[in-house]
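User: I'm new to reading protein models and would like to go through one step by step. Can you help me with that?

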Amino acid sequence: MATDKPMQLGMIGLGRMGANLVRRLMRDGHHCVVSDVKAAAVAELAGEGATGADSLQDLVAKLDKPRALWLMLPAAIVDPILDQLEPLLEPGDILIDGGNSYYRDDITRARRLADKSLHYVDCGTSGGVWGLDRGYCLMIGGEDEVVAHLDPIFKTIAPGEGSAEPTPSRTRTDGTAPSGYLHCGPNGAGHFVKMVHNGVEYGMMAAIAEGLAVIKHADAGQGRQEVDAETTPLRDPWAYQYDIDVGEVAEVWRRGSVVGSWLVDLIADAFARSPSLDAFAGRVSDSGEGRWTVLAAVDEGVPVPVITTSLYERFESRQAGEFTDKILSAMRSEFGGHAEKKG
């Protein structure tokens, strides 16, 4: 059913998530004006019913006042785009950052824009490439009146109440959290919650990956054991004689398991396509949120060993510890004459 409160929204950034946000909004009866550095991305959505804009000036001109503009951009690009937009906007216009900006930047931006009577909303957006059909979980920060004004937009983008079973012990009947979106507090609060969400995601992903790796190597006792001073011997090779299909383990974990989750669903599907995951080299990026979560935890004095370790694991996947390893190897050679093993 289409929304009973259609709104107009400008979308800047039509990547994997920005384009699908536009499609989801248009499906529900909202009107979108779209802009991107790639003209083909604009043309594609214009062909689906959006209004295309060939520049930021054109986009602003095509929006009704007070304007609402959603930025779906990498964190490093947000400030340069805001600098271009500020002189084009008028008091009462609203800027929404739906990417993964650092929450401290949100606080600074909101103060700066407020001096020009412009409103700023930070909106942590989770859902990835699947959000078009599943909906997006939204964590929102900003002024009460402004967030309330944008409610029809958030309501359409979010998954809705039927996306999860009701929480058995929940007695509250107010609030939007059961629909998949939440006004977390003033400016920065939305991205603060999304930051921690992504830190938790790091830890969950690492635990699943590590567990499945232990299962994959349950055949360690089948191979020839190295016997030298540089290798810790496998004490009981007979205890590691299992050839276990890791993809099937992921599949069975999807059903009735305590660790069953969307992440397990996704890796089971990845194994079904490629049992050896040949398309992946194992280089794991981090876009900032895990780092910022750890920094916040240090400031707060909250121990987060799982998230911290999962962040360092990502660093290690990119050989960021290679020089450390060389130093360790050199020290072993110096104090004990330990030759570095090859291969």
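User: Leaving out residues up to four places away in sequence, which residues does Ala 189 touch?

Analyst: Keep in mind that this is a predicted model. Ala 189 is found in helix H9, which covers residues 189–216. Once residues up to four places away in sequence are set aside, the ones Ala 189 touches are Asp 122, Gly 141 and Cys 184.

User: How many Å apart in space are Ala 189 and Gly 141, C-alpha to C-alpha?

Analyst: Along the sequence, Ala 189 and Gly 141 are 48 residues apart. In space, going from C-alpha to C-alpha, the separation of Ala 189 and Gly 141 is 4.8 Å.

User: Is Ala 189 buried or exposed?

Analyst: Look at the relative accessibility, which is 18% for Ala 189. The cut-off for buried is under 20%. Because 18% falls under that, Ala 189 counts as buried.

User: And Ala 281, is that one buried or exposed?

Analyst: Ala 281 sits in the loop between H11 and H12. Its C-alpha atom is 9.3 Å from that of Ser 317, a residue 36 places away along the chain. The cut-off for exposed is over 50%. With a relative accessibility of 83%, Ala 281 counts as exposed.

User: Let's zoom out. How many helices and strands does the protein chain have?

Analyst: The protein chain has 343 residues, and 39% of them count as buried. Its C-alpha trace spans about 75 × 45 × 45 Å along the principal axes. As for helices and strands, the count is 14 helices and eight strands.

User: How far apart are the C-alpha centres of domain 1 and domain 2?

Analyst: First, the domain assignment: domain 1 takes in 8–164 + 174–187, and domain 2 takes in 194–223 + 232–336. The distance between the C-alpha centres of these two domains is 34 Å.

User: What area is buried between domain 1 and domain 2?

Analyst: The size of an interface is often given as the accessible area lost when the parts come together. Here, twelve residues of domain 1 are in contact with ten residues of domain 2. Carbon and sulfur atoms give 64% of the buried area, and that area is about 960 Å².

User: Which three residues supply 46% of the area that domain 1 buries against domain 2?

Analyst: No other three residues of domain 1 supply as much of that area. The trio is Asn 100, Tyr 102 and Trp 130.

User: Which residues form the salt bridge across the interface of domain 1 and domain 2?

Analyst: Side chains of opposite charge can pair when their charged atoms come close. The rule finds one salt bridge across this interface, along with three residue pairs in polar contact. With 3.2 Å from N to O, the salt bridge joins Asp 299 and Arg 104.

User: Which element gives the largest share of the side of domain 1 that touches domain 2?

Analyst: Helix H5 (103–114) and strand S6 (119–126) each supply at least two residues of that side. The residues there divide into four nonpolar, six polar and two charged. The largest share, three residues, comes from S6.

User: How many residues apart are Asp 228 and Lys 341, which form a salt bridge?

Analyst: The closest N and O atoms of Asp 228 and Lys 341 are 3.2 Å apart. Asp 228 counts as partly exposed at 31% relative accessibility, and Lys 341 is partly exposed too, at 38%. Asp 228 is in the loop between H9 and helix H10, while Lys 341 is in the segment after helix H14, so the pair links distant parts of the chain.

User: Which residue has its side chain in a salt bridge with Arg 318?

Analyst: That salt bridge has an N to O distance of 2.8 Å. Arg 318 lies in the loop between helix H13 and H14, and its partner lies in the loop between helix H11 and helix H12, so the pair ties together parts that are 32 residues apart in sequence. The partner's name is Asp 286.

User: Which residues do salt bridges that share partners join into one network?

Analyst: A search of the whole structure finds 23 salt bridges. Through shared partners, some salt bridges form one network, and its members are Lys 65, Arg 67, Glu 90 and Asp 93.

Technical notes: Residues are numbered from 1 along each chain as its sequence is written. This is a predicted model: local features need pLDDT of at least 70, side-chain atom pairs count only at pLDDT 80 or more; totals for chains, interfaces and linings use all residues. Side-chain values use heavy atoms; hydrogens and water are left out. Domain bounds come from an automatic or database domain assignment. Contact means heavy atoms within 4.5 Å. Buried area is the accessible area (1.4 Å probe) that two parts lose on being put together, summed over both. A salt bridge is a side-chain nitrogen of Lys or Arg within 4 Å of a carboxyl oxygen of Asp or Glu. A polar contact is a pair of N or O atoms within 3.5 Å; within protein, one must be able to donate a hydrogen and the other to accept it, and residues adjacent in sequence count only if both atoms are side-chain atoms. Helices (H or I, at least four residues) and strands (E, at least two) are DSSP runs, numbered from the N terminus. Ala, Val, Leu, Ile, Met, Phe, Trp, Tyr, Cys and Pro count as nonpolar, Asp, Glu, Lys and Arg as charged, and the others, Gly among them, as polar. Buried means under 20% relative accessible area, exposed over 50%, partly exposed in between (1.4 Å probe, protein chains only).
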